[in-house]
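Good morning, and thank you for making time for this item. I would ask you to look at the model on the screen before we go through it together.

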Amino acid sequence: MKKHIYFLKIAIIALLFTGCTENDDEFFAATTVISNNLIEVNASGNQVNVSCFYPRILPQSGGNPFDLYLTTTSRKFFFNYTLEKKNANGVWEFIAPSNITVIEGENQVGSYISGIPVLDALDTNYEYEVDITLTAGQYRIKIEPEIASLNSENAVMVTIKTTTAGIPSNTLEFTVN
């Protein structure tokens with residue numbers, strides 16, 4: 001009888017652990033909102049400009065405006081993009097640009113570029129803008145169309161699904177002479 005109770009306890013404990021979730025959204029507080037054309041890319045001459053400006057209180061179609069700072073307590077959001085250059089063999093290669101002028105917000109460069117929109121001093125808009133100066137060649141920039149809150153401690157993590165203004169596929173190919 002003791003042996004049966006022992007095995008029953010093990011079976012109950014095993015069932016408890018298999019009932020745990022692996023879905024982060026069920027464990028952490030997270031939400032997703034949609035707002036189009038928040039990221040913009042323009043290539044002109046030997047520069048490409050990447051910008052992302054959006055209000056702290058994000059309008060929602062058919063609903064109440066969504067206060068990003070009140071929900072996330074985060075002064076920073078981020079989105080990722082890559083810059084590639086076509087090599088002599090016609091293959092696209094990732095490049096980490098060395099000549100970046102940050103106009104608004106912050107940047108992190110690694111195996112991709114993280115654009116970090118920062119809440120302005122008046123707490124009204126999140127702002128990010130950079131100019132990347134390039135040498136001659138064929139380039140391609142790929143934008144990940146999701147902007148996520150950064151460091152939302154003890155608050156809701158928000159992901160904004162967006163599009164890139166003027167670039168339906170979120171990818172732009174261009175040539176610098």
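Let me begin with a question: is K76 buried, partly exposed or exposed? At 28% relative accessibility, K76 counts as partly exposed, where buried means under 20% relative accessible area, exposed over 50%, and partly exposed in between, with a 1.4 Å probe and protein chains only.

A word on conventions. This is a predicted model, in which local features need pLDDT of at least 70 and side-chain atom pairs count only at pLDDT 80 or more, while totals for chains, interfaces and linings use all residues. Residues are numbered from 1 along each chain as its sequence is written, and side-chain values use heavy atoms, leaving out hydrogens and water.

I turn to the chain as a whole. It contains three helices and 17 strands; these are DSSP runs numbered from the N terminus, with helices being H or I of at least four residues and strands E of at least two. Of the 177 residues, 36% are buried. The accessible surface is about 10800 Å², and carbon and sulfur atoms account for 53% of that surface; the areas come from the Shrake-Rupley method with a 1.4 Å probe, and for residues only the protein chains shown count as cover. Contact here means heavy atoms within 4.5 Å. Among contacts between residues at least 6 apart in sequence, 71% join residues at least 24 apart.

Next, the interior. In soluble globular proteins, nonpolar side chains tend to be buried together. The largest nonpolar core in this model has 31 residues. By nonpolar core I mean a set of buried Ala, Val, Leu, Ile, Met, Phe, Trp, Tyr and Cys residues joined through side-chain atoms within 4.5 Å. Which residues have the most contacts inside this core? They are Y54, L68, Y81, I147 and I160. Several strands supply at least two core residues each, among them β2 (39–44), β3 (47–55), β6 (76–86) and β12 (125–133). The strands β13 (137–143), β15 (157–161) and β17 (171–176) do likewise. Leaving aside neighbours within four places in sequence, I160 is in contact with residues including Y54, L68 and I147, and its other partners include V33, L38, F77 and E146.

I come now to the charged pairs. How many salt bridges does the structure hold? There are five, each being a side-chain nitrogen of Lys or Arg within 4 Å of a carboxyl oxygen of Asp or Glu.

One of them joins D123 and R75, with the closest N and O atoms 2.8 Å apart. This pair links distant parts of the chain: D123 is in the loop between β11 (118–119) and β12, R75 is in the loop between α3 and β6, and 48 residues separate them. D123 is partly exposed at 27% relative accessibility, and R75 is partly exposed at 35%. R75 also touches Y69, P117 and Y126, among others. The C-alpha atoms of R75 and Y126, 51 residues apart along the chain, are separated by 8.0 Å.

K76, with which I opened, forms a salt bridge with E106 at 3.0 Å between the closest N and O atoms. E106 sits in strand β9 and K76 in strand β6, 30 residues apart. E106 is partly exposed, at 31% relative accessibility.

A further bridge pairs E146 with K161, with a closest N and O separation of 2.5 Å. E146 belongs to strand β14 (residues 146–150) and K161 to strand β15, 15 residues apart. Both count as partly exposed, E146 at 37% and K161 at 36%.

Finally, backbone geometry. T73, in the loop between α3 (68–72) and β6, has a positive phi of about 55° although it is not a glycine. Its relative accessible area is 40%, so T73 is partly exposed. N170 lies in the loop between β16 (164–165) and β17, and its phi is near 60°, again positive in a residue other than glycine. Is N170 buried or exposed? At 14% relative accessibility, N170 counts as buried.
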